[in-house]
Amino acid sequence: MNSQVKLDPAAITSKQADVSPEEWQLRVDLAAAYRLVALYGWDDLIFTHLSARIPGDEHHFLINPYGMMFDEITASSLVRVDQDGNKLNAGDFDINPAGFTIHSAIHAVREDAVCVMHTHTTAGVAVSAQKEGLLPLSQQSLFPLSGLSYHDYEGVALRDDEKARLQADLGSTNFMILRNHGLLTVGSTVADTFLNMFILQRACEIQLQALSGNRPLTPIPDGIVNTIKQQASQVTKGMGGKLAWPGLLRKLDRENPGYAD
């Protein structure tokens, strides 16, 4: 770990004056998302990752410093890396190579995926281990099922050759279940990506609860599953994340302020 920077987030110098307004807003939103993941109990100590691609042709992106808890992440502590995993600020902390492999693969090919979120929640990993994956058992499940993909487990994600398979499996979907591993969502904004993860996580939780009830289940008819894309657009007016995000930030300001430092 880089000894030039203290692990205490308060000791990290603000980067606001050193980056573009667009990058700073991405940093603030991504730091907020890290803290919200911790607030909802989806974190896994210092493991798993959220990332956001910085505008530009370089495909640089922001990711968490390896060793900092999610509820400590600040806008200035996030690490800017290139597609080869090189830190672009020498004073930053190191990053987790497994997180870099997954996120760099997606940012390299999905121009629309400004943000990528990956979690190892108990419910998410449990459903990822079930042969049938996510089942159409709840209204919540319909939204990810409208565009859900799967990626088979290949061990800890450290090998470059896995990137092509991950990219092919994700395709154009915004929801992915990594078999025996966890959940992944993408979106055009941090807010949309967080909302996608919230819905996918909740669908997994409901599925586990339903399966544990030891009663016959009532799956949602295929016809309804097939029309959910249009219905989802009507419900959210295409702005689901945008509408929920201000309230989530107010929640953070009450319960865990300081992410915008």
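Which helix and strands do the buried residues of H5 pack against? Let's start there and then move to the cores.

## About the model

This is a predicted model, in which local features need pLDDT of at least 70 and side-chain atom pairs count only at pLDDT 80 or more, while totals for chains, interfaces and linings use all residues. Residues are numbered from 1 along each chain as its sequence is written, and side-chain values use heavy atoms, with hydrogens and water left out.

The chain has a mean pLDDT (the predictor's confidence in each residue, from 0 to 100) of 91, and 92% of its residues reach 70 or more. Take care with residues 1-5, where pLDDT stays under 50.

## Helix H5

Helices (H or I, at least four residues) and strands (E, at least two) are DSSP runs, numbered from the N terminus. In H5 (residues 162-170), Glu 162, Lys 163, Leu 166 and Leu 170 are the buried residues (under 20% relative accessible area, 1.4 Å probe, protein chains only). They lie on the same side of H5 because they cover an arc of only 100° around the axis, taken from the directions from the helix axis to the C-beta atoms.

To answer the opening question, the buried residues of H5 pack against helix H2 (97-109) and strands S5 (148-151), S6 (175-178) and S7 (182-187). Just after H5 comes Gly 171, with a positive phi of about 55°.

## The nonpolar cores

A nonpolar core is a set of buried Ala, Val, Leu, Ile, Met, Phe, Trp, Tyr and Cys residues joined through side-chain atoms within 4.5 Å. The largest has 52 residues, and Met 117 and Trp 245 are among those with the most contacts inside it. Helix H1 (residues 21-39) gives the most to this core, with 11 residues.

Definitions and conventions:
Buried means under 20% relative accessible area, exposed over 50%, partly exposed in between (1.4 Å probe, protein chains only). Contact means heavy atoms within 4.5 Å.
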